[in-house]
Amino acid sequence: VQLTYCNTETEKIVRFKEQYDSESIIKWYRELVAGFKKWMDYVFDERAERNASIQKLHFPFEYREGQKKLVASVYHTVKEQKVLYIQAPTGVGKTISTVYPAVQSCSNGLTDKIFYLTSKTITRTVAEETYAILRDAGLHFRTVTLTAKDKICHLDEHNCNPEVCEYARGHFDRVNDALYDVVLHETVVDRDVVIRYAQAHRVCPFELSLDVSLFADMVICDYNYVFDPRASLKRFFAAEGGKPGDYVFLVDEAHNLVDRASSMYSAEIVKEDFLELKKLTAQYGDRMARHIGSCNRELLTMKKEVPEEGYRVLSSIAPLHLKLLSLHEAIQLFLEEHRQIPERKEVLNFYFNLTSFLNIAEMMDENYVVYDEIRDDGRFVVRLYCVKPAVNIRNCLDKGLATVFFSATILPVRYYMEMLSDCPEDRAIYIPSPFSAENRKIMIANDVTTRYTNRNEAMYRNIYSYIERVISARPGNYMVFFPSYAMLEKVHVLTEELPESLGVEVIAQEQYMTESDRESFLRAFEEKDNVLALCIMGGIFSEGIDLTGDRLIGAIIVGPGLPQVCTERKLMMDYFDSRTTADEKEAASDRNGFRYAYQYPGINKVFQAAGRVIRTETDQGIILLIDERFATRRYTELFPVEWNDSVICNMQNVDGILEQFWDYKSKEI
C-alpha cells in the first residue's frame, strides 16, 4: 500500500509504503466490522425499546382547556410536515403539549430526532424537566443538552490546540470508548454528565456532547446550533439540497428569534481593527501590510463620504469586497507560515470575523441593507444588516421535516410569521388562557405619557405616585418594569419617600449582574413578603421566571417598550415603509415601518413583563400599564383577547379600582 502526499505549491512529493499479509488484513477487517456491529446492535435495540415505550405512553396529566387542541395541532403539523405558530399563554402547558406529540411521532416512523431550541438556559431546564415527567411515565428516550464550548470547558485556559490541551491531544483515540460509555449508561446527558465522562476518559467535553447528539432522541440546545451559519451542527445540517433529515424543530420562546436571527445573519468590519492587525503583523514582513493597507485606504475613502447624520446606505461594496478577499487569502498563508507566534490568537480572531463577513456577503439578497457608519466612539463600521431573516431561517427549517414555533407572547402572529418563515402555507393557532379573568385586574393609566420628549420631573413623580398607590392598596411583592436604566434610576430616587409604615424593601436591577446577583435578586421574592423590585423591560427578569402564589402580586409596566432609536431601527422602518403598498397606506395598514421596527417588538416586551403575574390557576394580582398610548386603538387592537376587560384609570379613580379588586378577592377567600 502506498500513500502519496504532494505539496501543490512546491510540487514536492513524499511517499509512505507499507506491506501487509492477508492474515493481518483479515484480522483488521474483522475487528473493524465487530466494532461497527457493536454500534449497530446498540442503535437497533435502543430504537426498538424507545418505540415500544412510546406506544404505551399516555399524556401524563388531565388535559386543561385548550391543551388537547394544542397537542393535536402539533401532531398533525409533524405528520403533514408543516410549520406551526402557537400563541398560548402561561398555564396552558406549552412545553408538555409540544413535546408529547413530537415524541409520539417518533414511534411510527414520522420522525427520528427532536431538536428543542431555546434562547435561554432556564428554558432548557424546563425542557429537561418535561422529559423527566415523561420518563417517569415510562418513556425510554435519550436527551442531550448542548452547552457552549467556553462554558463547558473545565480548564482555566480555553485553548483547543492539542499541543496545549491534554484533552484535545489524543481525543480521537479515546472518544469512541467515551461515547459508548455515555450512551450505554446515561439517558439524561446534561452538562454535569458530559463533564464527568469527559474527565474520566480525558476527552474534550464539548466534542463529546456533539458526538452524543448523534445517538440522542432529543437535542436540547440554543437557537444558534440550528440557525447560525457560524455555529450550526454540520453533522446534521451541512448537506445542501437533497432530502431533509427526519427532524422536528420545537422553537421555544419564539418571539426572541427575530432579533437573534437578524444578528446571526448580519456581519460587520471595523476600520480600526485593520490598523491594529497591521501593528500586530508588521514585524513579520510587509506582504500582509500591503493587503491591509489596500483595505484600509478603501475604508478611509468610504469614511470621508459619510454624511453628517453619521451613516449612509450603500448600493454596493464591490471594490472593498475584492480587497477583502485578497486579504483573506493573505491571512491564510500568514497563519500557515507563522504557527507559533504570540500574536496568533489575535490574528485568528480577525480572520474568523473577516471570514464571517465574506460568508454573509455571499448570502445577501433583497432582505439586507448594507450601510457604513461612524459610531459615537469614533469607529468606522461597514455592516451587512439582515433586516428580515425569514429566507435564511426557512433554509434552515428545510433541513428538517416540521417546525413548531411557540410562545406565550407571539402577537401579532402575522408579524412573526413574516419575519421568521414568510410562507403562505404556514399555520397559526391561538390558545386562550385557562385562568379565570377574575383573578387579575388590568388597568391602563391614561393620564401619564412616557414619550421621550415629555420626560421631566413631573412625569417621574406621576409614575412614583402610581407605584405608591398600588403597593399601598395591598402589601406584597411587586415588580415595576421601566424602558431604560435612566428612568429606573430617576424613579428609584423618589422611592426613598415611601412611608416607613409600608415596610417596603426596594431592590433594583443593575447592569452587568452576575449569575449570583440574579439569584440573590430573585431570592428576595421567595424569602420576603413586601418587596418592590425595579426592573428593565425586556431584561433578564421580565421573562422566563416563575414567581407563583403570593410571591408576586403585581406588575407595573411603564411605557410601551419601544426600542431605542438607532441606525438599524431607522433602516428597518425605511425598509418596510418602502415595501408597503399604496392600498395598505390608504387603509392605515399595520404593515408599516414604525410598527415593524418599534411597536411590535415593544409590545412583546410589555406582554412578557405582564405575564410574570399570573402563573397558576390560584394566582391573583394586578397589571398596571402606565402610558396614555396603551388606551389608543393602535395598542388595544394588539392586546390578547384575555385583555378585553382592561379598564382605564387615572389619579382620581385608581385607588377605588384597586380597593374594589382586593376587597372582592379577600371576600372570595
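**Overall form, salt bridges and strand pairing**

Arg-47 counts as partly exposed, at 34% relative accessibility. The model is predicted; local features need pLDDT of at least 70, side-chain atom pairs count only at pLDDT 80 or more, and totals for chains, interfaces and linings use all residues. Residues are numbered from 1 along each chain as its sequence is written, and side-chain values use heavy atoms, with hydrogens and water left out.

The chain has 669 residues and a radius of gyration of 29 Å. A compact globule of this length would have a value near 26 Å, and the two agree. The radius is taken over C-alpha atoms, and the globule rule is 2.2 Å times the number of residues to the power 0.38. Along the principal axes, the C-alpha trace spans about 95 × 70 × 55 Å. Buried residues account for 50% of the chain. Among contacts between residues at least 6 apart in sequence, 78% join residues at least 24 apart. A contact here means heavy atoms within 4.5 Å. The secondary structure comes to 25 helices and 21 strands. Both are DSSP runs, numbered from the N terminus: helices are H or I with at least four residues, and strands are E with at least two.

Salt bridges were searched for across the whole structure, and 42 were found. Each is a side-chain nitrogen of Lys or Arg within 4 Å of a carboxyl oxygen of Asp or Glu. Side chains of opposite charge can pair when their charged atoms come close. Arg-47 belongs to helix H1 (residues 22-55), whereas Asp-112 sits in the loop between helix H3 (94-107) and strand S4 (113-118), so the bridge ties together parts 65 residues apart in sequence. Asp-112 is partly exposed, with a relative accessible area of 22%.

A second salt bridge joins Arg-230 to Asp-228, at 3.3 Å from N to O. Arg-230 is partly exposed, at 43%, while Asp-228 is buried, at 11%. In a third, the side chains of Glu-298 and Lys-323 meet at 3.8 Å, N to O. This pair links distant parts of the chain, 25 residues apart: Glu-298 in helix H13 (residues 287-304) and Lys-323 in helix H14 (residues 318-337). Glu-298 is buried, with 18% relative accessible area. Lys-323 is partly exposed, with 27%. Salt bridges also link Glu-268, Glu-373, Arg-375, Arg-383 and Glu-568 into a network.

An open sheet is formed by four strands in the order S9-S12-S11-S10, with antiparallel pairing. Strand S9 (267-270) and strand S10 (311-314) are the edge strands, each pairing on one side only. From one strand to the next, the twist averages 20°. Two strands count as paired if DSSP finds at least two bridges between them. Seven bridges join strand S11 (residues 368-374) to strand S12 (residues 380-386), in the antiparallel sense. Within this pairing, Cys-386 of S12 is the bridge partner of Tyr-368. Helix H12 (residues 271-281) packs on the sheet and touches S9 and S12; the directions of H12 and S9 make about 55°. Such axes are lines fitted to C-alpha atoms, for helices over the stretch in contact, and angles run from 0 to 180 degrees between N-to-C directions.

Strand S15 (residues 440-445) pairs in the parallel sense. Five of its six residues are buried, so S15 is largely enclosed by the rest of the structure. Six bridges connect S15 with strand S20 (residues 621-626) in parallel. Here Arg-440 stands opposite Gly-621. S15 also runs parallel to strand S21 (residues 647-649), joined by three bridges. Ile-444 faces Ile-648 across this pairing.

Asn-477 lies in the loop between helix H18 (457-473) and strand S16 (478-482). The residue is buried, with a relative accessible area of 0%. The Asn-477 side chain reaches the backbone nitrogen of Asn-530 at 3.1 Å. Residues up to four places away in sequence aside, Asn-477 touches several others, including Phe-525, Lys-528, Asp-550, Leu-552 and Gly-554.

Notes
Buried means under 20% relative accessible area, exposed over 50%, partly exposed in between (1.4 Å probe, protein chains only). A polar contact is a pair of N or O atoms within 3.5 Å; within protein, one must be able to donate a hydrogen and the other to accept it, and residues adjacent in sequence count only if both atoms are side-chain atoms.
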